[in-house]
Amino acid sequence: MAKPKDQDGAQTPEEFAREELRRRREAAGLTQAALAELIFTTRSYLGQMESGQRRLRPEIAELIDRELGTGDYFYRLARAFKSKHAEYFAPAAELEGLARAIYQYASTLVPGLLQTKDYVRAVTRASNPTALAERVDDLVASRMDRARLLDDPATPEVWLVLHEGVLRTAVGGHGVMAEQLRHISASVRAHRITVQVVPFAAGAHGALEASLKLMQFADAPDVAYTEGPHSGQLLDYPALVRRYWRSYDLARAAALSPEVSLTLIESAVEEHARCAQT
């Protein structure tokens, strides 16, 4: 496990928290593996918190306080940190950066990692109709920061299954939608992502009601993330994760092949472009 990135003293509250966690664990005579077992997590997960790869979450901090006898010290530190993402989504956003592979089914919107700036702005404004322009700008910037995860040419592997309704809904207008689908097409043609489309003709399928993301890691079990309006749930219980894998596989089985899906996406680009000109 990597050592904390800062070796010359904490420069931020987050660095202070991770250094304190390591210092107090060692003072208690506990290895990472020993403390991880006491707080019902893995040595890898705890090591990632100590190295700054993962944010100290309040629910984990409470367990650490209990085992180290530190009152509510780490809990208060964790509560002081503000993620740039919605609170319910912050843990999933952290895991995106650690995942070796991301598999997602989307029934209504283009997944966040592939959204263009104008598409993000349209979605953000629609769900925050009275927000100040500065607030909208902040939310858009946060989403675009996430998209930089795909700047790496190979990692994480990304496999998306989109319902055809995602392609047809003119989010932000036909011009914005044409640009959005061109971006997806370009990412596919660059071999950066794999996309399949479940056509309207497929009818019902195993993930019809779901909006789900599955993430795989090099040194940790798979997790599932499901989301609704203003809420989300990160799940790591193995039996439940397996059920979500089945739902995803059923959606993938109902989808067109990647090659035919790309043809459909590019056809939708042309349709939106024509509509934008009328």
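**Entry 1: S4 and its partners**

I began with the pairing of S4 and S5 in this predicted model: the two strands run antiparallel and are joined by four bridges. Six residues lie between S4 and S5, and the two strands form a hairpin. Looking for a specific pair, I found that Leu-212 has Thr-226 in S5 as its bridge partner.

I then turned to the pairing with S1. Strands S1 and S4 are also antiparallel, with five bridges between them. Here Ile-102 stands opposite Met-215 of S4.

**Entry 2: Burial of S4**

Which way do the residues of S4 point? I noted Leu-212, Leu-214 and Gln-216 on one side, with Lys-213 and Met-215 directed the other way. Residues of both sets are buried.

**Entry 3: Helix H11**

I next examined H11, which spans residues 238-254 and contains 17 residues. From first C-alpha to last, H11 reaches 24 Å, close to the 24 Å expected at 1.5 Å a residue.

I listed the buried residues of H11 as Val-241, Trp-245, Ser-247, Tyr-248 and Ala-251. Viewed down the helix axis, these buried residues fall within an arc of 160°, so they line one face of H11. On the face turned away from that buried side, I found the exposed residues Arg-242, Arg-243, Arg-246 and Ala-253.

**Entry 4: Cover over H11**

What covers the buried residues of H11? I found that the cover includes S4 (212-216) together with S1 (101-106), S2 (157-163), S3 (194-198), S5 (223-228) and S6 (231-235).

Note on methods
Residues are numbered from 1 along each chain as its sequence is written. This is a predicted model: local features need pLDDT of at least 70, side-chain atom pairs count only at pLDDT 80 or more; totals for chains, interfaces and linings use all residues. Side-chain values use heavy atoms; hydrogens and water are left out. The expected span of a helix is 1.5 Å times one less than its number of residues. Buried means under 20% relative accessible area, exposed over 50%, partly exposed in between (1.4 Å probe, protein chains only). The arc is that of the directions from the helix axis to the C-beta atoms. Contact means heavy atoms within 4.5 Å. Two strands pair if DSSP finds at least two bridges between them.
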